[in-house]
Amino acid sequence: MAYTHNDETFFVESDECQYSKINAREAAKMIARNRQEIIAGELSRLAGEEYLEDIMQHMRHMEDETLADANLIDMQREIQWFMRPYLIDFLVEAHAAFALLPETLFLTVNLLDRYCSKRLVHKQHYQLVGCAALLIAAKYGDKKDRVPQIHELNNMCCGLYDAGMFTQMEMHVLNTLEWTIGHPTVDFFAQLMAADEGDDQEVEHMAAYLSEVALYHRDFVSTKPSVMARSSLALARAILGRPEVNDGEWDQTENMTLVTLSQYLHQPSPTLARKYSSPHLSRSSQKLADFMAEQAAMARRAANPPTPPVEPVSKHSSIYSTPQKGHTAANMGFDGYLTPPITPDGGNFGNHMPKDQYPLPPRCPVTPTPHQTHPAVYSQQIHHPYNGYVNHHGMSQ
């Protein structure tokens with residue numbers, strides 16, 4: 001008996017059943033994986049709450065042990081503080097170009113400062129030390145696919161160094177710091193404090209902006225990250241008009257950090273302001289600029305109050321009149337800002353110098369330990385008192 005079947009696909013295996021089985025299998029694996037992640041997250045939360053006090057105690061010990069000393073950096077023979085903003089600008093741009101994590105930038109600057117407080121650095125190697133610090137920080141805590149390649153950094157340095165110099169300097173930094181890389185950054189403490197106080201994302205972004213402004217200045221090189229995080233969050237709330245947070249008493253160091261930080265907000269780095277002008281960072285730089293413009297307008301109105309018309313008096317009689325005490329910008333709380341330093345000799349620092357005038361450094365960037373103490377070359381900035389706003393910190397307006 002002959003059997004006939006008109007369907008040509010009778011003996012052909014259909015892919016729909018296979019795909020449905022695969023999808024079901026993958027869906028089951030995904031569900032199991034999500035369940036495991038939920039369980040692991042809950043266990044981590046419980047363990048974190050149990051050991052939170054020990055963790056914080058360890059972090060505060062680490063921030064003391066890995067804090068750079070600005071007084072030792074003062075002893076550098078060739079490195080001057082006016083060079084720092086240009087190198088920080090370069091690191092900010094490189095950090096943004098490689099889309100690295102926020103804590104990587106703070107760790108980079110910490111490694112740079114710790115190295116400069118232990119070794120004499122030649123001027124032509126300053127940028128190389130910054131690149132080595134960025135490489136180490138990225139390898140330590142960032143994603144592997146985002147770690148900069150040496151040839152990419154060399155291109156950003158306009159080919160000033162060769163590949164071997166990056167590797168040698170990286171090893172020299174590690175050996176100098178005795179391979180102690182871990183450092184609780186400002187970003188770490190800011191996230192903990194913001195979560196504890198319930199701050200919104202806009203406050204977090206503004207605090208991050210202020211913390212990165214502090215990277216440019218000597219006054220904050222030896223400031224603890226926890227102190228900087230608390231000060232930047234408090235100042236960010238004041239700038240954005242958020243209510244003050246009663247998070248405990250403030251000591252003198254924290255108050256002085258807040259006061260000093262407020263005096264560097266008038267002219268932040270254009271590179272940093274451009275970074276924080278993006279929408280995903282809440283346009284923090286524009287909001288800060290608007291706040292500073294409003295403060296300046298208030299200061300002008302206070303300095304020139306409208307007066308009722310009066311009869312003209314002779315110039316001779318005005319000599320004996322009591323001069324009226326005006327209200328200056330200092331009374332508004334934002335006085336004493338300093339403009340960024342100007343590079344001498346036409347901007348001959350870093351890769352701005354023509355190659356024919358900027359000799360290539362030797363292949364092995366040796367930065368020997370100083371044999372004798374040299375006098376400090378940096379004069380402390382004299383700041384005016386900050387009386388920005390009334391709060392429970394004990395500061396008056």
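Predicted model: local features only at pLDDT ≥ 70, side-chain atom pairs only at ≥ 80, totals over all residues.
Q: How much space lies in the largest cavity, and which residues lie nearest its centre?
A: The largest cavity holds about 250 Å³ of space. Its lining is made up of 18 residues. Those nearest the centre are V186, L215, F220, V221 and T223.

Q: Which helix gives the most to the lining of the largest cavity?
A: Three helices each supply at least two lining residues: α4 (102–116), α9 (201–214) and α10 (225–240). With 4 residues, the one that gives the most is α4.

Q: What is the volume of the second largest cavity, and which residues are closest to its centre?
A: The second largest cavity has a volume of about 70 Å³. It is lined by 10 residues. Closest to the centre are I73, I79, Q80, W81 and Y126.

Q: By class, what does the lining of the second largest cavity have?
A: Here is the tally for the second largest cavity. Its lining has 1 polar and 3 charged residues, and the nonpolar residues number 6.

Q: How many aromatic pairs does the structure hold, and what is the geometry of the pair F188 and F189?
A: The structure holds 4 aromatic pairs. F188 and F189 form one with ring centres 5.2 Å apart and 75 degrees between the planes. Since planes over 60 degrees apart count as edge-to-face, the pair F188 and F189 is edge-to-face.

Q: F188 and F189: which is buried and which is partly exposed?
A: The cut-off for buried is under 20% relative accessible area. F189 is at 1%, so it counts as buried. F188 has 25%, which makes it partly exposed.

Q: Why does the span of helix α13 agree with what its residues should give?
A: Helix α13 covers residues 284–303, which is 20 residues. At 1.5 Å a residue, these should span 28 Å. The end C-alpha atoms agree with that, as they are apart by 29 Å.

Q: Which helices do the buried residues of α13 pack against?
A: The buried residues of α13 include L288, F291 and M292. Also among them are S284, S285 and Q295. The buried residues of α13 pack against α9, α10 and α12 (270–275).

Q: Where is T185 found, buried or exposed, and which residues does T185 touch?
A: T185 is found in the loop between α7 (163–176) and α8 (186–197). At 6% relative accessibility, T185 is below the cut-off of 20%, so it counts as buried. Leaving out residues up to four places away in sequence, T185 touches E103, F106, L107 and P225.

Q: What is the phi of A99, and what is the phi of W179?
A: Most residues other than glycine have a negative phi. A99, in the loop between α3 (84–97) and α4, is not a glycine, yet has a positive phi of about 55 degrees. W179 is found in the loop between α7 and α8, and its phi is also positive, at about 60 degrees.

Terms used. Residues numbered from 1 in each chain as written. Heavy atoms only, no water. 1 Å grid on protein atoms, 1.4 Å probe; cavity = no way out; pocket = protein on both sides within 12 Å on 5 of 7 lines; lining within 4 Å. Points joined across faces, edges and corners; volume = space filled by probe spheres on them. Nonpolar A, V, L, I, M, F, W, Y, C, P; charged D, E, K, R; others polar. Phe/Tyr/Trp six-rings, centres within 6.5 Å; stacked < 30°, edge-to-face > 60°. Buried < 20%, exposed > 50% of the residue type's maximum accessible area, 1.4 Å probe, protein only. Expected span 1.5 Å × (residues − 1). Contact = heavy atoms within 4.5 Å.
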